[in-house]
Amino acid sequence: MNPIQAGSFLTLHYRLTGPDGADIVNTFDDKPATLSLGAGQLSPAIEARLIGLPEGAHERFTLAPGEAFGDRNPELLQRVKLTLLRQLGDPDETYHVGDVVQFPGPDGQGGYAGVVRELGDESLLFDFNHPLAGQPVSFEVQVIGVL
């Protein structure tokens, strides 16, 4: 049996749950996932737990707060002026606390998302931390194939 190693191509079922036990991702009820270890499809901490598992393994593990998606960074809470939001997006958009807003990357390639945390008259407070930053998560995996 092939054990998982850095760069392995995997077919697996997996479930990621947040601190409340609710599924964030769950492939067990659908088609299995295929991915290349090290390509950034899973967090490095989760990938490290997969190294050495053989085909057929079915494991569950918990990652400590911040281990999977980093610690919360207070510097990633930032105010963005409404005038800039209107320039970058729909000028008639109405924002609400909890909305996820996509921003273009600085080079015009890719982008990033922020969650509206607070509404103001001239600006909005956005949280650009990963939603699971600073949170414990649980990961269940069933390894189907390793190439």
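Leaving aside residues up to four places away in sequence, glycine 134 touches Pro65, Gly66, Gly70, Asp71 and Arg72, where contact means heavy atoms within 4.5 Å. This is a predicted model, in which local features need pLDDT of at least 70 and side-chain atom pairs count only at pLDDT 80 or more, while totals for chains, interfaces and linings use all residues. Residues are numbered from 1 along each chain as its sequence is written, and side-chain values use heavy atoms, with hydrogens and water left out.

**Glycine 134**

- You can find glycine 134 in the loop between strand E8 (123-127) and strand E9 (137-146); strands (E, at least two residues) and helices (H or I, at least four) are DSSP runs, numbered from the N terminus.
- Glycine 134 has a relative accessible area of 28%, so it is partly exposed; buried means under 20%, exposed over 50%, and partly exposed in between (1.4 Å probe, protein chains only).
- Glutamate 59 is 75 residues from glycine 134 along the chain, and their C-alpha atoms are separated by 23 Å.

**Leucine 63**

- Leucine 63 belongs to strand E4, which covers residues 58-63.
- Leucine 63 counts as buried because its relative accessibility is 0%.
- Not counting residues up to four places away in sequence, the contacts of leucine 63 are Ala45, Ile46, Arg49, Ala68, Pro136, Val137 and Phe139.
- From leucine 63 to glutamine 41 is 17 Å, C-alpha to C-alpha, and the two are 22 residues apart in sequence.

**Aromatic rings**

- Rings of Phe, Tyr and Trp (its six-membered ring) pair if their centres lie within 6.5 Å; planes under 30 degrees apart count as stacked, over 60 as edge-to-face and the rest as tilted.
- By this rule, there are seven aromatic pairs.
- One of them is the stacked pair of phenylalanine 103 and tyrosine 112, at 5.7 Å centre to centre with 10° between the planes.
- Phenylalanine 103 is buried because its relative accessibility is 7%, whereas tyrosine 112 is partly exposed, with a relative accessible area of 39%.
- Tyrosine 112 also pairs edge-to-face with phenylalanine 128, at 5.6 Å centre to centre and 65° between the planes.
- That pair links distant parts of the chain, 16 residues apart: tyrosine 112 is in strand E7 (residues 111-119), and phenylalanine 128 is in the loop between E8 and E9.
- With 18% relative accessibility, phenylalanine 128 counts as buried.
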